[in-house]
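Here is a quick briefing for anyone meeting this structure for the first time. Have a look at the model, then read on.

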Amino acid sequence: MKLDLRKIYRFEPISRQPDGSLPKGGDVYYECGGCKDVVSSVSHIASACACGNLTGGGGKTEIKAPDQVTPLRGKLK
Ligand SMILES: [Zn+2]
């Protein structure tokens, strides 16, 4: 099942952590640079981007290629 978060949230890019790692939190989302899908950084439901770079579930999100991911802050529309 595919959930299009862009229909629900307005996203704006945010900075990486000072050490270059990706921030995470309840209002932080990751945009995959490959397929442009958006996945929550702390996904509680199983979700994945189309190309498989991002795989979420159980409150965390696995990233195969972090350098190709843009962190976003999501606000409800
Ligand atoms: Zn992807």
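R16 sits in the loop that links β1 (9–13) to β2. Keep in mind as you go that this is a predicted model. Is R16 buried, exposed or partly exposed? With 13 other C-beta atoms within 10 Å, R16 is partly exposed, because being buried takes 20 or more and being exposed takes 12 or fewer.

**Around R16**
- Leaving aside residues up to four places away in sequence, R16 touches S21, L22, P23 and P71.
- R16 and S41 lie 25 residues apart in sequence, and from C-alpha to C-alpha they are 13 Å apart in space.

**The chain as a whole**
- You'll find seven strands here and zero helices.
- Read from the N terminus, the elements simply go β-β-β-β-β-β-β.
- The chain is as compact as a globular protein of its length, because its radius of gyration is 11 Å, close to the 11 Å that the globule rule gives for 77 residues.
- Along the principal axes, the C-alpha trace spans about 35 × 25 × 25 Å.
- How many of the 77 residues count as buried? The share is 23%.
- Take the contacts with a separation of 6 or more: 45% of them come from residues 24 or more positions apart.

**The four-stranded sheet**
- Four strands make up an open sheet, in the order β1-β7-β2-β3, and their pairing is antiparallel.
- Which strands stand at the edges? They are β1 and β3; each has a single partner strand, so one side of each is left without a neighbour in the sheet.
- From one strand to the next, the twist averages 40°.
- As background, strands of a sheet pair through backbone hydrogen bonds, and they can do this in a parallel or an antiparallel way.
- Within this sheet, β2 and β3 run antiparallel and are joined by three bridges.
- Across that pairing, Y30 stands opposite V39 in β3.

**The loop between β2 and β3**
- K36 is found in the loop between β2 and β3.
- The phi of K36 is near 65°, a positive value in a residue other than glycine.
- Why does K36 count as exposed? It has 12 C-beta neighbours inside 10 Å, and a residue is exposed if that number is 12 or fewer.

**The β5–β6 hairpin**
- Strand β5 (residues 54–57) and strand β6 (residues 60–63) run antiparallel, with four bridges joining them.
- L54 stands opposite I63 in β6.
- Two residues lie between the strands of this hairpin, where G58 takes a positive phi near 65°.

**The largest nonpolar core**
- Which residues form the largest nonpolar core? There are nine of them: Y29, Y30, C32, V38, V39, C49, L54, V69 and L72.
- At least two residues of this core come from each of β2 (28–32), β3 (38–40) and β7 (69–76).
- Of the strands, β2 gives the most to this core, with three residues.
- Setting aside residues up to four places away in sequence, C49 touches C32, C35, D37, V39 and L54.

Notes: Residues numbered from 1 in each chain as written. Predicted model: local features only at pLDDT ≥ 70, side-chain atom pairs only at ≥ 80, totals over all residues. Core = buried A, V, L, I, M, F, W, Y, C linked by C-beta atoms within 7 Å. Contact = placed C-beta atoms within 7 Å. Rg over C-alpha atoms; globule rule 2.2 N^0.38 Å. Pairing = 2+ DSSP bridges. Axes fitted to C-alpha atoms, helices over the stretch in contact; angles between N-to-C directions.
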